[in-house]
Amino acid sequence: MQHTVVDRIETIAEDTVALELRGTSGPLAPWEPGAHIDLALPNWLTRQYSLCGDPADRDSYRVAVRHERLSRGGSEYVHRFLRRGRPLDVSLPRNHFPLVPAPDYLFLAGGIGITALLPMLRAAAGDGVPASLVYVGRSAGAMPFADELRASYGERVRIVATREEGRPDLAALAAELAPGTLVYCCGPDAMLAAAEAAFPAERLRAERFRPAPRTFGPDTEFEAVCARSARTVRVAADDSLLDALAHAGYPLPSGCREGVCGSCALTVLDGEPDHRDDIGAPEGRMYACVSRARSARLVLDL
């Protein structure tokens, strides 16, 4: 974890504030566009937010937090109780949504999804790579960074307020794509589903707020062998690997508990994981909050 202090809280749109978190123990860890961090909030909750500031600024991180009406306690705490000067521990940046080199980019942002894409657009523009942004929200007043984007990128940015204009025609955008263009999309489930229907899979990169609805077979019991301590933990059919390990004295960092943040990553030494995450576990890794085992046992680097 890294130690920071809340240096600034600024309202940047309806129901949305930007936090500037300044490091208190030297330079903060570097990051690249697409990265996010975990905030360990004082109400004992951990929440993930995309970094939307300048990667060249090693003194501070910037995140934006929308107040969710059905908040589970994270955004409500930030909006109602967090104050300037409050110390906050934050994780090292993680990036499951990297900006891959391409000759052209189309960025599609829905609501607070703009936070993940804003640094990508800046990076592409700074490198002289053609890039455009379609930014969708319910109204202009509810769309953070809209004025900044218009001022900085002009006609390369299209702001779509759905209350007045309806939703953009993604099929038409797909038909106009130049060869080699990569499409980056971050937003609510409806936008992601529409993007997946409109754009070729090999062109589309997407990041989800929530896991995609999927159906898995019935959960079964399995064993998790902790190789370094030679202990075996039984994972019941109605228990997660994350919770079973915690009950056995192996607590792991955990944020989303939905397979979208990557904070509970484990190294698998033997056995076949049943991957149920939405970020694509690399070879030899799994995410303990949602993933299980296809084999009777997994050997873990614990």
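**Ground rules.** I number residues from 1 along each chain as its sequence is written, and my side-chain values use heavy atoms, with hydrogens and water left out. As the model is predicted, local features need pLDDT of at least 70 and side-chain atom pairs count only at pLDDT 80 or more, while totals for chains, interfaces and linings use all residues.

**The sheet.** I looked up the strand order first. I get an open sheet of 5 strands, β13-β12-β18-β14-β16, with mixed pairing. Strands here are DSSP runs of E, at least two residues, and helices are runs of H or I, at least four, numbered from the N terminus; two strands pair if DSSP finds at least two bridges between them. β13 (231-235) and β16 (285-287) are at the edges with a single partner strand each, so one side of each has no neighbour in the sheet. On average, neighbouring strands are turned by 40° against each other, direction ignored. Axes are lines fitted to C-alpha atoms, for helices over the stretch in contact, and angles run from 0 to 180 degrees between N-to-C directions.

**Cores.** Which residues have the most contacts inside the largest nonpolar core? I find Tyr105, Phe107, Leu133, Tyr135 and Leu149, in a core of 31 residues. By core I mean buried (under 20% relative accessible area, 1.4 Å probe, protein chains only) Ala, Val, Leu, Ile, Met, Phe, Trp, Tyr and Cys residues joined through side-chain atoms within 4.5 Å. α2 gives the most, with 7 residues. Tyr135, leaving aside neighbours within four places in sequence, is in contact (heavy atoms within 4.5 Å) with residues including Ile114, Met143, Leu149 and Ile159. A second, separate core has 23 residues, among them Ala224, Leu242, Ala248 and Leu266.

**Helix pair.** α2 and α3 pack at about 15°, axes 12 Å apart. That makes α2 roughly parallel to α3, a label for angles under 35 degrees. Ile114, Leu118, Leu121, Arg122 and Ala125 of α2 make the contact with Glu148, Leu149 and Tyr153 of α3.

Note on methods
Buried < 20%, exposed > 50% of the residue type's maximum accessible area, 1.4 Å probe, protein only. Parallel < 35°, antiparallel > 145°, perpendicular 65-115°, else oblique.
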